[in-house]
Amino acid sequence: MRHLILILGDQLTPDISALREADPEQDAIVMAEVSDEASYTNHHKKKIVLLFSAMRHFARELENNGWTVHYHAYDPDSPHHSLLDVIRERVGQDQPEKVITTECGEYRLDAAIRQWHESLNVPVEIRPDDRFIATKREFARWAEGRKQLRMEFFYREMRRKTGLLMTPDGNPEGGEWNYDADNRKKWTGKPPAPASFRVEPDAITRDVIELVDDTFSDHFGTTDDFHFAVTAGDAEAALAHFLDFALPCFGDYQDAMSDQEDWLFHSILSPYINCGLLDPLGVCEAAARHYYSGQAPLNAVEGFIRQIIGWREFVRGIYWLLMPEYAKENRLGNDRDLPWFYWTGETGMRCMHKAIDATRRNGYAHHIQRLMVTGNFALLAGVKPEEICDWYLAVYADAYDWVELPNTLGMVMHADGGYLGSKPYAASGKYIQRMSDYCSHCRYNVSEATTEDACPFNALYWHFIHRHRRDFEGNPRMGMMYRNWDRQKPERRDALLARAEWLLENLNTL
Ligand SMILES: Cc1cc2nc3c(=O)[nH]c(=O)nc-3n(C[C@H](O)[C@H](O)[C@H](O)COP(=O)(O)OP(=O)(O)OC[C@H]3O[C@@H](n4cnc5c(N)ncnc54)[C@H](O)[C@@H]3O)c2cc1C
Ligand code: SF4
């Protein structure tokens with residue numbers, strides 16, 4: 001054999017760089033489901049089903065195209081626990097001239113793979129992952145010498161680079177770069193949200209569901225009602241479903257939350273984009289076509305494209321620029337354990353219950369639930385960054401370290417000092433009330449802050465403002481909060497702080 005080509009579980013892309021110039025006559029592919037990767041965190045059961053099933057379908061497709069694929073299916077009794085174990089055995093048997101792979105998205109495994117040549121005694125060629133729009137080097141160059149890194153400016157570079165929503169004379173379509181101000185409507189049931197896209201599990205997926213139910217029974221979540229796409233063809237159908245039925249309202253209701261609807265007008269495409277079933281640029285181009293053909297308004301299409309070529313690329317750039325030290329950041333000095341209800345959803349706070357319960361059932365919650373409900377609560381409560389980061393990495397079907405970590409540690413917890421936002425996204429219950437109907441179903445009263453039934457977010461918000469005065473008082477975007485705090489009567493401030501202290505002592509009972 002000439003080359004042994006390793007394809008990882010999030011590299012399910014037929015033209016992944018590792019496969020370029022490869023020859024099915026001389027080269028072979030290896031793919032592996034191993035316990036070290038499946039169990040290094042408490043991955044949601046649906047996430048494991050999605051990845052194992054998508055890997056098995058991808059391997060079958062490669063075989064149909066004439067490839068030899070050595071597929072190591074998960075076996076709890078296998079002596080091979082790690083990818084290296086599997087590769088070592090294959091190298092021993094096939095004696096390839098070289099192992100080839102595409103760079104891994106996660107720092108931990110990437111660092112390990114970069115050492116493999118030492119123990120394998122064959123060269124290991126690691127090729128760039130060019131499914132992203134900006135290379136790591138390009139991002140580092142952009143970041144160099146800048147006092148502050150702001151997504152908005154990086155995003156404009158990506159618009160110029162891709163030409164997405166740009167006029168022929170180089171201006172942003174519609175005259176503005178960003179239509180976020182138009183994207184903050186509350187959703188009151190109309191227009192109705194589209195039904196979510198569904199694929200019924202085939203025999204391969206049913207086998208994996210059985211495996212996961214047997215072997216990963218102690219993991220978070222459920223396999224019930226698994227309906228994710230597991231092939232590129234079905235992921236394309238999910239994209240078409242989103243473009244036709246949800247994209248036109250995506251912008252208007254991007255920040256909305258609903259007690260009744262899990263998915264609203266979101267795309268639910270991140271699980272597919274992140275494992276390689278969909279190409280991020282292709283997804284954006286398809287959305288842009290819907291704008292030019294008059295099928296979706298500019299605020300929706302720009303908002304959607306910004307999430308992918310702006311935020312998604314930006315967080316990846318930050319991750320590779322700052323790892324591995326980034327993962328240890330805790331600039332607000334948080335030391336509280338993650339409340340247990342993050343794993344059960346058993347809390348009287350309706351917004352938290354609904355976000356966590358959707359997460360448990362679906363392996364999915366939309367961005368505003370992640371940011372302004374479960375994230376906001378962890379920020380206000382001062383939860384240790386590593387515990388809340390572990391939770392986000394475990395519970396979402398789209399979660400990979402490179403995208404989860406900057407979103408959680410940076411955007412939500414402000415533990416990195418502010419790469420992902422010039423101020424923390426801290427908010428009281430009023431924000432949740434404005435953007436959702438949760439509060440009318442809640443045992444707490446959102447209009448109260450100090451009473452026994454008062455919404456916990458309210459007093460915790462002021463406690464956060466008070467305890468981080470030194471961190472944020474000088475921030476021009478936070479000045480008004482401090483003026484509001486100082487303007488309150490001393491008795492009121494004392495009552496708010498006392499209520500917050502009680503809440504912090506009793507988080508697990510809320
Ligand atoms: C605390 C926290 C943790 C998160 N962890 C992850 C994660 O592990 N994996 C992940 O893919 N996203 C993560 N996000 C970002 C975002 O919430 C999800 O990408 C989004 O909810 C996925 O659902 P969707 O496909 O319906 O997205 P849509 O709302 O339809 O957005 C379209 C696409 O934009 C991209 N996108 C949107 N926002 C972001 C963002 N902030 N960062 C990166 N990509 C973005 C995704 O690819 C998404 O599919 C996190 C956000 C927060 C606040
Ligand atoms: S009252 Fe507070 S805890 Fe209850 S749903 Fe509203 S914001 Fe959430």
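Predicted model: local features only at pLDDT ≥ 70, side-chain atom pairs only at ≥ 80, totals over all residues.
Residues are numbered from 1 along each chain as written, with chains lettered from A and ligands numbered from 1 in the order written. Local features need pLDDT of at least 70, side-chain atom pairs count only at pLDDT 80 or more, totals for chains, interfaces and linings use all residues, and side-chain values use heavy atoms without hydrogens or water.

**Exercise 1.** State which helices each supply at least two residues of the shell around ligand 2.

Solution. Residues count here if a heavy atom lies within 4 Å of the ligand. They are Met349, Arg350, Cys351, Gly429, Ile432, Tyr438, Cys439, Cys442, Tyr444, Val446, Cys455 and Phe457. Helices are DSSP runs of H or I with at least four residues, strands are E runs of at least two, and both are numbered from the N terminus. The helices asked for are α15 (350-362) and α19 (429-435).

**Exercise 2.** Decide whether Arg306 is buried or exposed, and list its contacts.

Solution. Arg306 belongs to helix α13 (residues 298-322). Buried means under 20% relative accessible area, exposed over 50%, and partly exposed in between (1.4 Å probe, protein chains only). Arg306 has 2%, so it is buried. Leaving out residues up to four places away in sequence, Arg306 touches Met151, Glu152, Tyr155, Asn178, Tyr179, Asp180, Asn183 and Trp311 (contact: heavy atoms within 4.5 Å).

**Exercise 3.** Describe the protein chain by its secondary structure, burial and contacts.

Solution. First, the protein chain has 23 helices and five strands. Next, 59% of its 510 residues are buried. Finally, of contacts between residues at least 6 apart in sequence, 77% join residues at least 24 apart.
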